[in-house]
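Please keep the sequence and the model in view while working through the numbered points.

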Amino acid sequence: MGTHGTQNTYRFLQMPRQFVLVLGCVLFFLLPQGVHSKPYEFDPILIYVAVPKLGGTEIPGLIDRQTLYLSVTDLFAFLKIKAEAQPGGTIAGFVLHQLDQYTISLTDHSITYKGQVHGLNPGELQEFEGNLYLQISTFGEIFELSCQFDFRNLQVKLEASPELPVFKQIRRELMRKNLGKGQHYNPDMAFLPKYTLADFEGLDWNLTLNKWLGLIQREEQVVTGTPGVQSRGFVSMGGELGYGNFNARINWFGNSELTFRNVDLRWKRVLTSQNTLRQITLGRINGASFVTLFQPITGIGLTNAPPVVRKSFGFHTIRDFTRPFWIVELYLNNELIEYLKTDETGLYHFEIPLNYGSNKLQLKLFGPSGEEELIEETVFIPFLLLPKKELIYHINAGIVQGLEFDQLANAQLSYGLTESFTIGAGMEYYSGLSDRLFISRFTTTKKLGNNVLLSTEWMPDLKASGVLNTRTKNGIILDLSYENLAKGQKAFPQLNYLSLSRISAMIPFKLRGKMYNSRINFTELNFPKSKNQTLLWSLNGTLFGAMSNFSTLVTKYREAAFVTTTIQQTYRLPADLMLNGRVQMNYHRMDYSSFMLGLEKRLQSGLRVNTFYQVSLKFQNSLMGLGLRYDLGFFQGTTNSRLQGNQLMLNQALMGSVIQDQVTGNLNFSSKSELGRASLNIVPFLDINDNNVKDKEEPYEFELSVKVKGASSTKDPKSGITQVRNLMPYQDYLIELDENSLPEISWRLDHKKIQIGIKPGNSNELEVPIKVVNEIAGKVVLNNVAQGGIRVLFFNQDQNLIKEMVSQRWHFLSFRIKSRHLHVSPDTAQLRMLEMDWESGETEIRFEQGNFGDYSAGWEIKLSNKVVQSLPPNAPEESFKNNYFQDSSFSLKESTVSKPVELTPSLEILNQNNSQSKGDKVMSSFRRKRSFIGSKF
């Protein structure tokens, strides 16, 4: 055996070298891959990565058989994800925001994302030519970037979150692109309110009836209750009188005598375009006295205060620094109003327009690598503050409608000393006070910081008061007030205390995802011989699915204290049922003082029925009620019945209004009060004779699209008039007209954005004339060849230049015009410089009047090189312009289309150098030559 093995070994060693080489190659490929010097063999390639709603790009990748790796830095750069390569084969950055950081380490073969370390399997992360490549499945598992690889097309479809930086940047760019749209507008035309000498608007009416039935029992005595009826109501009428607004209201109370005090007459004129005097009031003046009066005042009032609630206050300046070349966006009340890019110093500066009330300011700062920062600030502007250097005055004079007919006159001035400090002073004469005739008043309003306001009022020898208001970023509102009255004063007879102190706080908070509101009020009244203190705490919110209110009232008068707690809840039940419950408890007696249970059912639209039962344990009585509330469209009312003991009370209340429709002239009945509101009728019509006035024979236009900023509108299908309701009187509204909605291309609008001032009532009307335009087309030729560069002038019948065009060799002269009578001529001064002249011919073009416009085409302006007429050498060039109509050398070949034609809409002003403009398409509808140029005005 040994000899045989030695021989085999010897024979193996004697094998040819070629056989040994082949055997080595076979063994090399049969060995496992783990023994290779390089474990993977990659093919570098560009992969097209497509992202929905974003697009695609080519990203460097590696392919190993069916496995794809993508370059981390290139893919993240495409998605705007910050990725910074660091020494040692590491990439660091963040995905959504700065706190959303990640680290990809080749050394540790791991990825750290959102504070969690993800270990990678062998082969998931590769390095090739200094760049890191990650397997596409790992992008989805860790970074939620789902990738689907199409090996046949070498394409990857990537599903990404919409919160990625690239999508945020697209949304921000779109917002910046639309910045200013809808915020500021420049109307083409503005109209002021037009008042008439006399016009009836309508009336409001209200009637209330109360009736008692049954027996009344008091202190163990039974007396027969005499059935009685009490009634009260009013009728209020309004309209225009003497180019102003007039209102008359008559009040009556049962069988009481009707006197002048029951009649309220008022005439008011508002001058919106004036700054020195904006409002004039004659008749009943409300709130015109410094002292407390229980009788009405009849007289005159003058003021320069705006008639509507002031909105705009002024400007707030923000100036600060951030990092260089960052983008800073400014948001006001969650609306982007301005943005800028900082310079190399990082400075940004904004002038912010503020409104009265709460202004929420947000500064969003974006870095070039996707960094985001947020700065928030809330600025509260009270209505007591005036803009800097603005003066407001109120002057009133009249007679108090009392027994003595006392006289009253006062004047009050307020001035904005600075943007945060407003002062005021006033003087009043009142003959009804026995101890004094003149009363002076001084006021101040000081803004301390952004959310602290201090207001004071001082009336010498009468009253001194102060109010401090503050607001926090968390929404907490704190109010402190103090008022001191002079002993024995008679100017405020309803105030019998010497001083009043009040502290109130409103604290909103969130608990388990629900918002609650807590209020605390403390009041102390000091009387000459006693003191009264009250503490009220209330909590509002949703508890167990019901709207709940908890309140506790603590009252201390002299030495006695009383504590009462009230709990009230409202539950929504199936079948449109509402269940109300209220319980009141007295802690000082440790019992329940009263409870109430009510149920309300909605039967149908505008009809509700309710019932309740209430028990008072303190007074040992009960109260039951049944009510019905209804709205019939032309009036609304309530019917209630209450039974308490042996007494039954019936109550009936009705109200409604009657308004005259300015479109049809009919009387419309409404269930709501309409006086004092405003409406607008927009009347589009076809202005055939071009006089901007709706004539009887001119038809309405039904298809014009109308939008009113800040209001909703409806179109009358019979007349085509757009009606806009519930507008604020004395305000300006923007009306946008869409010319493209017109069915005929020959119909045009002179103004597409119109601003109109609104007066009270429904007599506001805006006529929108739709112009009918005509179209002409022609060319300039020399020896039957179209010529370019020749200036052609168009004049109307009054010989006024209305259009000037320059001809081109490959185009016709074509445009649309409203005039029905037209003259055409070349610029003779230019022809003289070119040593050309134009042949004799007719220069007048006439169009037929119609609803669809007219069309004239085929005429030519023929030029020649022969100078027919020349002026003296010293003649000025102006003489050529003066001889346009005296020397007519114009050859016109006219063909008029008398029947209406269907036109295709074109741009308002077409570029004469653009042969592929939209006007070419318009002219092609008339089967013209390809050398047309389109233009209109």
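1. In strand β59, His821, His823 and Ser825 point one way, whereas Leu822, Val824 and Pro826 point the other way; all of these residues are buried. The structure is a predicted model, and the points below should be read accordingly.

2. How many of the six residues of strand β59 are buried? Six of the six, in a strand that spans residues 821-826, are buried, so β59 is largely enclosed by the rest of the structure.

3. The strands paired with β59 deserve attention next. Strand β56, residues 791-796, is joined to β59 by five bridges, and the two run antiparallel. Within this pairing, Phe794 has Val824 of β59 as its bridge partner. Strand β61, residues 844-846, is joined to β59 by three bridges, again in an antiparallel arrangement. Here His821 has Arg846 of β61 as its bridge partner.

4. Asp690 is not a glycine, yet its phi is positive, at about 60 degrees. Asp690 lies in the loop between β46 (678-687) and β47 (705-708). Its relative accessibility is 37%, so Asp690 counts as partly exposed; that class covers values between 20% and 50%.

5. Tyr730 is the other residue to check. Its phi is near 70 degrees, which is a positive value in a residue other than glycine. Tyr730 is placed in the loop between β49 (722-727) and β50 (732-738). Is Tyr730 buried or exposed? With a relative accessible area of 16%, Tyr730 is buried, because the limit for that class is under 20%.

6. Gln620 is situated in the loop between β41 (607-616) and β42 (621-631). At 66% relative accessibility, Gln620 counts as exposed, because exposed residues have values over 50%. From C-alpha to C-alpha, Gln620 and Ser594 are 9.5 Å apart in space, and 26 residues separate them in sequence.

7. The largest nonpolar core has 34 residues. Which of its residues touch the most other members? They are Leu70, Leu79, Tyr102, Ile104, Phe139 and Phe143. When residues up to four places away in sequence are not counted, the residues that Leu70 touches include Ile47, Val49, Ile59, Leu132, Leu134, Ile136 and Phe139. Another core, of 23 residues, lies apart from this one; among its members are Leu686, Val706, Leu737 and Leu749.

Key. Residues are numbered from 1 along each chain as its sequence is written. This is a predicted model: local features need pLDDT of at least 70, side-chain atom pairs count only at pLDDT 80 or more; totals for chains, interfaces and linings use all residues. Side-chain values use heavy atoms; hydrogens and water are left out. Helices (H or I, at least four residues) and strands (E, at least two) are DSSP runs, numbered from the N terminus. Buried means under 20% relative accessible area, exposed over 50%, partly exposed in between (1.4 Å probe, protein chains only). A nonpolar core is a set of buried Ala, Val, Leu, Ile, Met, Phe, Trp, Tyr and Cys residues joined through side-chain atoms within 4.5 Å. Contact means heavy atoms within 4.5 Å. Two strands pair if DSSP finds at least two bridges between them.
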